[in-house]
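Me: I have a protein model open and would like to go through it in plain terms. Can you help me read it?

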Amino acid sequence: MPELLIDFITSLDGYGAADGWPGWWGLEGPEYLAWLGEAPEADYTVLMGATTYRVMSGYAAEGEPGTDALAGMSKVVFSTTLREPLAWAKTQLVARDAVEAVWEMKEKSSSKSMRTIGSLTLCRSLLNAGLVDRFRVVVFPVITGSSGRERIYDGYPDVALDMTDSRTFDSRIQLLEYVPTILDGPPGTDDVNA
């Protein structure tokens, strides 16, 4: 069965972006960019919502470092507001329920594995539906308390994370990878699924 990976970049305090800060908070280093250039999941289909599509296709059009690897990847954007044709190459528009569409993609053995990019609402929906196999977070060493926007984990259920990988890039950027398990309640209660 094809895998689904949720893939986030975040500040230490859990924001996906911050007002006035550049992409990657301006801290992308050579090791991190080399890893992105290796395209660890280059054969995966990238899933995103309309907001992330607008932001990332804009970054790609401006030549933002690290976005060139996304250009050749298959991408699916879930949106009822975007219209075809989409400007970013290799992007398919799906204007129906994302959870239902991803269930169908996972059930087809001929489908490629998938990963998300940004898309907080989409990721939350896919996790709540039990579709996520891996959860990867790249933590940048900044706290964006006053300028941060897009708190990543607001609205999430309680989730236990079993670490499968970790790595440090450029002596400051942390990659953390987990297998998620949604919990019915905090550990130690009778309502936990773990």
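What follows is a chat about the overall build, the core and the charged pairs.

Me: What kind of model is this, and how are residues numbered?
Reply: This is a predicted model, where local features need pLDDT of at least 70, side-chain atom pairs count only at pLDDT 80 or more, and totals for chains, interfaces and linings use all residues. Residues are numbered from 1 along each chain as its sequence is written, and side-chain values use heavy atoms, with hydrogens and water left out.

Me: How many helices and strands are there?
Reply: The protein has five helices and ten strands. Helices (H or I, at least four residues) and strands (E, at least two) are DSSP runs, numbered from the N terminus.

Me: Why does the radius of gyration agree with a compact globule?
Reply: Because a compact globule of 194 residues would have a radius of gyration near 16 Å, and the protein has 17 Å. That radius is taken over C-alpha atoms, and the globule rule is 2.2 Å times the number of residues to the power 0.38.

Me: How much of it is buried?
Reply: Of the 194 residues, 47% count as buried. Buried means under 20% relative accessible area, exposed over 50%, and partly exposed in between (1.4 Å probe, protein chains only).

Me: Which residues touch the most other members in the largest nonpolar core?
Reply: Leu4, Ile6, Phe8, Leu47, Phe78, Val102 and Leu126, out of 27 residues in that core. The elements giving two or more residues to this core include strand 1 (4-11), helix 5 (120-128) and strand 10 (173-182). A nonpolar core is a set of buried Ala, Val, Leu, Ile, Met, Phe, Trp, Tyr and Cys residues joined through side-chain atoms within 4.5 Å.

Me: Changing topic: is Asp7 buried or exposed?
Reply: Asp7, in strand 1, is buried, because its relative accessible area is 9%.

Me: Which side chains does Asp7 meet there?
Reply: A polar contact of 3.0 Å joins the side chains of Asp7 and Arg115, and another, also 3.0 Å, goes to the side chain of Arg136. A polar contact is a pair of N or O atoms within 3.5 Å; within protein, one must be able to donate a hydrogen and the other to accept it, and residues adjacent in sequence count only if both atoms are side-chain atoms.

Me: How many salt bridges are there in the whole structure?
Reply: A search finds 13. A salt bridge is a side-chain nitrogen of Lys or Arg within 4 Å of a carboxyl oxygen of Asp or Glu.

Me: Which residue does Glu41 pair with?
Reply: Glu41 forms a salt bridge with Arg136, with the closest N and O atoms 2.6 Å apart. The two are 95 residues apart, Glu41 in the loop between helix 1 (30-37) and strand 3 (45-49) and Arg136 in strand 7. Both Glu41 and Arg136 are buried.

Me: And Arg96 with Glu100?
Reply: Their side chains meet in a salt bridge (2.8 Å, N to O). Arg96 is partly exposed, at 39% relative accessible area, and Glu100 is partly exposed at 43%.
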